[in-house]
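Reader: Could we go through this one together, starting with whichever loop you like and then moving on as questions come up?

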Amino acid sequence: MMSSEHDFRAGSRQYTWLENDLKKVDRTKTPWIVLGGHRPMYSSQEELSDFIVSVGIQYYLEDLLHEYKVDLAFWGHYHSYERTCAVYKHVCQEEGLGTTHIVVGSAGFGIDTEGYWDLQWSRFHENDYGYGRVMVANRSALYFEWVRNKDKVVRDKVWLTKPRSQTEG
């Protein structure tokens, strides 16, 4: 878990901590790396001021997440739901070669009503109440689903997979 509300630029205490923490991960023991934070790195919701913040987060942190192969990032801030493809630098990547970003701030406070820009890395979004569930199946497969509260319907689901070469010691 990182703070999007404090300095995360290269050289800051938080950046140094995050980089050192990611360096220490032994992928033979910890095959999946999941990051969490408040303001999202990727969101296509039509809120220009927040979109500018997400571009800044990308600028300062995306290369670090890519270097250490962060698999999944959960974000809040928006009171809605959105999932990206496995993305790096705004381009969808093969599974295991980019980070999938999920904004799941769709509980509690009033739901956002803004629309979404049509960006190629956005895979699913919905302005409604709901929650997410994660199941780690094994070293190379992780399942996520987003469930809408009002009818308990699974509105979005995705299997994250990675090449065998990334799961071997």
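Author: Let us start with lysine 89, which sits in the loop between β3 and β4 (91-92), and keep in mind throughout that this is a predicted model. Lysine 89 is not a glycine, and yet its phi is positive, at about 55°.

Reader: Is lysine 89 buried, exposed or partly exposed?

Author: Lysine 89 counts as partly exposed, because its relative accessibility is 40%.

Reader: And what about phi of histidine 90?

Author: Histidine 90, which lies in the loop between β3 and β4, also has a positive phi, near 70°, in a residue other than glycine. With a relative accessible area of 34%, histidine 90 is partly exposed.

Reader: Which cysteines does a disulfide join?

Author: Cysteine 85 is joined to cysteine 92, with an S to S distance of 2.1 Å, and a search of the whole structure finds 1 disulfide.

Reader: Why is that disulfide called left-handed?

Author: The torsion about the S-S bond of cysteine 85 and cysteine 92 is about -90°, and therefore the disulfide is left-handed. As for the two partners, cysteine 85 counts as buried at 8% relative accessibility, while cysteine 92 is partly exposed, with a relative accessible area of 24%.

Reader: Switching to α2, how many residues does the helix have, and how far does it reach?

Author: Helix α2 covers residues 48-67, which makes 20 residues, and from its first C-alpha to its last it reaches 28 Å, close to the 28 Å expected at 1.5 Å a residue. After the helix comes lysine 69, whose phi is positive, near 55°.

Reader: Which residues of α2 are buried, and what covers them?

Author: The buried residues are Asp50, Phe51, Ser54, Ile57, Gln58, Leu61, Glu62, Leu64 and Leu65. Their cover includes α1 (13-23), β1 (34-37), β3 (81-88) and β5 (99-104).

Reader: Now the aromatics: how many pairs does the structure hold?

Author: The structure holds 9 aromatic pairs. In one of them, phenylalanine 51 and tryptophan 117 have ring centres 5.0 Å apart and planes at 70°, so the pair is edge-to-face. This pair links distant parts of the chain, since phenylalanine 51 belongs to helix α2 and tryptophan 117 to the loop between β5 and β6, 66 residues apart. Tryptophan 117 is partly exposed, with a relative accessible area of 29%.

Reader: And why is the pair of phenylalanine 74 and phenylalanine 144 described as tilted?

Author: Their ring centres are 5.7 Å apart and the planes of phenylalanine 74 and phenylalanine 144 meet at 50°, so the pair is tilted. Phenylalanine 74 is in strand β2 (residues 72-75) and phenylalanine 144 in strand β8 (residues 141-148), so the pair ties together parts that are 70 residues apart in sequence. Phenylalanine 144 counts as buried at 2% relative accessibility, and one aromatic cluster is formed by Phe74, Tyr81, Phe124, Phe144 and Trp146.

Reader: What does glutamate 126 touch?

Author: Not counting residues up to four places away in sequence, glutamate 126 touches Ser80, Tyr81, Tyr116, Trp146, Arg148 and Arg155, and Tyr81 and Trp146 are among the members of the aromatic cluster. Glutamate 126 is found in strand β6 (residues 122-126) and is buried, with a relative accessible area of 11%.

Reader: Last one: which domains does UniProt place here, and where?

Author: An unreviewed UniProt entry places "domain: Calcineurin-like phosphoesterase" at residues 15-81, a span that is 43% helix and 13% strand, with its end C-alpha atoms 27 Å apart. UniProt also places "domain: Purple acid phosphatase C-terminal", again from an unreviewed entry, at residues 98-156, where the chain is 0% helix and 53% strand and the end C-alpha atoms are 19 Å apart.

Definitions and conventions: Residues are numbered from 1 along each chain as its sequence is written. This is a predicted model: local features need pLDDT of at least 70, side-chain atom pairs count only at pLDDT 80 or more; totals for chains, interfaces and linings use all residues. Side-chain values use heavy atoms; hydrogens and water are left out. Helices (H or I, at least four residues) and strands (E, at least two) are DSSP runs, numbered from the N terminus. The expected span of a helix is 1.5 Å times one less than its number of residues. Buried means under 20% relative accessible area, exposed over 50%, partly exposed in between (1.4 Å probe, protein chains only). Contact means heavy atoms within 4.5 Å. UniProt positions are given in the numbering used here, feature names are shortened, and annotations may be inferred rather than shown by experiment. A disulfide is a pair of cysteine sulfur atoms within 2.5 Å. Rings of Phe, Tyr and Trp (its six-membered ring) pair if their centres lie within 6.5 Å; planes under 30 degrees apart count as stacked, over 60 as edge-to-face and the rest as tilted.
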